Amino acid sequence: MTTTPSPETTTAQAGPAASPGPLGPTDSHGRSGPPDASGGPLGPAVRHSAARCAALCLVGMAAAGAGLLLPAVLGRTLDLLLARDPAGRWLLCSTALVLLLALLDMAETVLHGTTDARATAWLRRRLTGHVLALGPRAAARFGPGELVARLVGNAAQAGTAPTALATSAAALAGPVGGVVALGLIDPWLAAVFLAGAPLIALLLRALARDSSACVADYQRVQGRIAAALAEAVGGARTIRAAGTADREAARILGPLPELSRAGRLMWRAQGRAAARAVAVAPLLQLAVVAVAGLLLARHRLTVGEVLAASRYAVLATGAGVLVGQLAALVRARAAAGRLGELLAEPAPHHGGRTLPAGPGRLELRGVSARPGGRTVLAGVDLTVPGGTTLAVVGRSGSGKSLLAALAGRLADPDAGEVLLDGVPLRELTHDELRRAVGYAFEKPVLLGASVQDAIGLGVNAPGPDRVREAARTACADAFVRRLPGGYATALADTPRSGGESQRLGLARAFAHGGRLLVLDDALSSLDTITEHRIARALTGGGRPATRLVVAHRAATAARADAVAWLDGGRVRAVGPHARLWRQAEYRRVFGEDADGADGPGRAKEARP
């Protein structure tokens with residue numbers, strides 16, 4: 001193993017030129033740009049639902065057309081009945097229009113609901129895939145609760161945008177058609193209505209202006225509450241042990257007054273617009289009916305035409321429908337903006353290369369990492385020969401877990417290169433990378449329906465024999481066999497200690513047998529005997545994989561072929577544990593007495 005730990009070695013290696021990725025242009029570290037040039041998901045969501053939106057628009061326009069025909073037909077029928085002329089055909093037409101409107105309304109309701117559901121499902125699938133592609137960076141950037149709020153609540157609100165846009169044409173057709181129909185009956189009727197139309201336009205403009213900011217604030221505060229709740233659920237044992245349930249409930253619900261204020265502002269804006277519409281619309285309708293009455297008195301209109309004019313005045317002043325449509329669009333747009341922030345996070349781009357035959361040689365060349373703008377690793381040069389075990393040690397915050405994440409590309413460096421058998425990790429295909437690198441963590445998350453599914457989780461699911469062999473290597477086979485259904489036991493019915501969960505996580509890593517095995521403090525909850533057995537199996541000759549082990553125990557470091565000592569974001573030294581142990585500062589990493597190199601202060605388990 002080689003390293004260049006001196007502070008002077010900080011120059012990053014230049015990567016290849018940027019190349020376009022599936023989600024956008026990528027930088028030299030394989031991270032893609034925002035998936036949408038527009039920065040939001042509304043356009044793609046509308047295109048995905050284009051066929052249903054077109055059908056919904058056609059149905060809405062047909063309903064609007066039938067609604068515009070009905071007053072004219074009713075007016076003509078009334079005139080014929082008053083004149084005692086035959087009106088049977090017009091009565092049938094009126095009945096047919098009413099039935100058609102009912103059928104179109106049902107069709108519109110079904111299309112509206114299914115289109116909303118499909119658009120929401122498409123958005124959630126896309127967002128979930130993007131969040132999983134981002135990996136740990138998504139939770140670090142937004143927080144688990146905020147991610148859930150955006151994937152559930154905001155996706156549902158943004159999913160209504162296609163139907164809101166599709167029905168906007170029909171919503172406008174009623175008022176516009178009503179004005180045209182008034183003009184056809186008599187130009188004076190249209191002129192009277194148009195004199196007050198600017199008031200309705202100003203009302204809708206004010207609604208859009210007043211609603212946008214408060215809707216965004218409302219959704220933002222909802223996300224904060226969801227984030228605090230997720231945090232509290234994750235720490236339920238700590239909260240119960242501390243006896244602070246009431247205090248935590250108050251903390252979670254602390255933003256409620258702010259949420260209430262934003263909600264009141266939002267509904268006040270919409271209520272104010274609706275109230276003004278209610279005030280303006282009847283005045284316009286009354287003006288149209290009054291003028292129609294005068295024209296009737298002068299024998300320029302019939303009674304049926306006055307009836308039709310009164311109905312068209314109602315259609316023309318359909319500000320309530322427009323207010324609802326505009327409010328729905330404002331909410332959808334605000335939600336889409338929050339989803340756009342999530343989609344704007346660049347996801348890693350994978351190349352098209354595969355690994356050549358090799359022993360699993362891991363190289364870090366000039367690697368620097370600055371998560372959140374804070375330098376954690378700086379100019380790290382490290383080589384791990386294939387088939388060997390390297391323990392990574394250091395004080396808390398020295399970058400051990402980040403280095404482990406970089407080794408298997410759970411994170412990308414801000415500078416430098418990570419290679420496996422001479423191939424940069426970012427140039428490998430996704431499946432090739434995940435087959436080559438296995439991980440086990442301090443607090444493994446076990447996924448799947450059964451214990452066997454949890455151990456076999458991976459790109460290629462191993463067979464039952466392989467799963468059992470991995471469990472035996474991880475010292476998990478005995479307690480799994482004691483479960484009611486053995487390996488087929490549902491995870492939900494599998495009570496586990498922290499050490500048992502770690503053993504299942506180790507078994508999952510062993511089951512896939514890649515070239516590189518990364519253990520990020522994956523032995524911390526094991527008892528000394530179990531840890532010794534697993535460490536002996538890891539370092540035995542039967543496992544050719546290269547092992548990178550984040551170690552907090554001196555015994556774990558002592559069993560490794562070599563130790564990389566991280567200090568201040570750099571590799572301070574690389575060498576056998578026995579040689580490094582002679583340095584007092586190295587011993588302090590494990591909490592040992594600085595004077596205990598050869599005396600009683602030295603930990604017995606650390607002796608090589």
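**Notebook: a surface patch, a helix and an aromatic cluster**

I began with Leu 184, which counts as exposed at 72% relative accessibility. I am working from a predicted model. I placed Leu 184 in helix α6, residues 161-185. Leu 184 forms a nonpolar patch with Leu 172, Val 176 and Val 180, and together they have about 410 Å² of accessible area. I noted the spacing rule: an α-helix has 3.6 residues a turn, so residues three or four places apart point the same way.

Next, the whole protein. I found 22 helices and 13 strands. Of the 608 residues, 48% are buried. The protein exposes about 28700 Å², and carbon and sulfur atoms supply 60% of that area.

I checked helix α3, residues 88-134. Its 47 residues reach 68 Å from first C-alpha to last, close to the 69 Å expected. Gly 135 follows α3, with a positive phi near 75 degrees.

Last, the aromatic rings. I counted five aromatic pairs, taking ring centres within 6.5 Å. One is Trp 565 with Tyr 586, edge-to-face, at 5.4 Å centre to centre and 75 degrees between the planes. Trp 565 sits in strand β12 and Tyr 586 in helix α22, so this pair ties together parts 21 residues apart in sequence. I also looked up Trp 581 and Tyr 586: their ring centres are 6.3 Å apart and their planes at 85 degrees, so this pair is edge-to-face. For Tyr 586 I noted 0%. Trp 565, Trp 581, Tyr 586 and Phe 590 form one aromatic cluster.

Technical notes. Residues are numbered from 1 along each chain as its sequence is written. This is a predicted model: local features need pLDDT of at least 70, side-chain atom pairs count only at pLDDT 80 or more; totals for chains, interfaces and linings use all residues. Side-chain values use heavy atoms; hydrogens and water are left out. Patches are made of residues with over 30% relative accessible area and no salt bridge: like charges are joined within 9 Å, nonpolar side chains (Val, Leu, Ile, Met, Phe, Trp, Tyr) within 5 Å. Accessible areas come from the Shrake-Rupley method with a 1.4 Å probe; for residues, only the protein chains shown count as cover. A salt bridge is a side-chain nitrogen of Lys or Arg within 4 Å of a carboxyl oxygen of Asp or Glu. Helices (H or I, at least four residues) and strands (E, at least two) are DSSP runs, numbered from the N terminus. Buried means under 20% relative accessible area, exposed over 50%, partly exposed in between (1.4 Å probe, protein chains only). The expected span of a helix is 1.5 Å times one less than its number of residues. Rings of Phe, Tyr and Trp (its six-membered ring) pair if their centres lie within 6.5 Å; planes under 30 degrees apart count as stacked, over 60 as edge-to-face and the rest as tilted.
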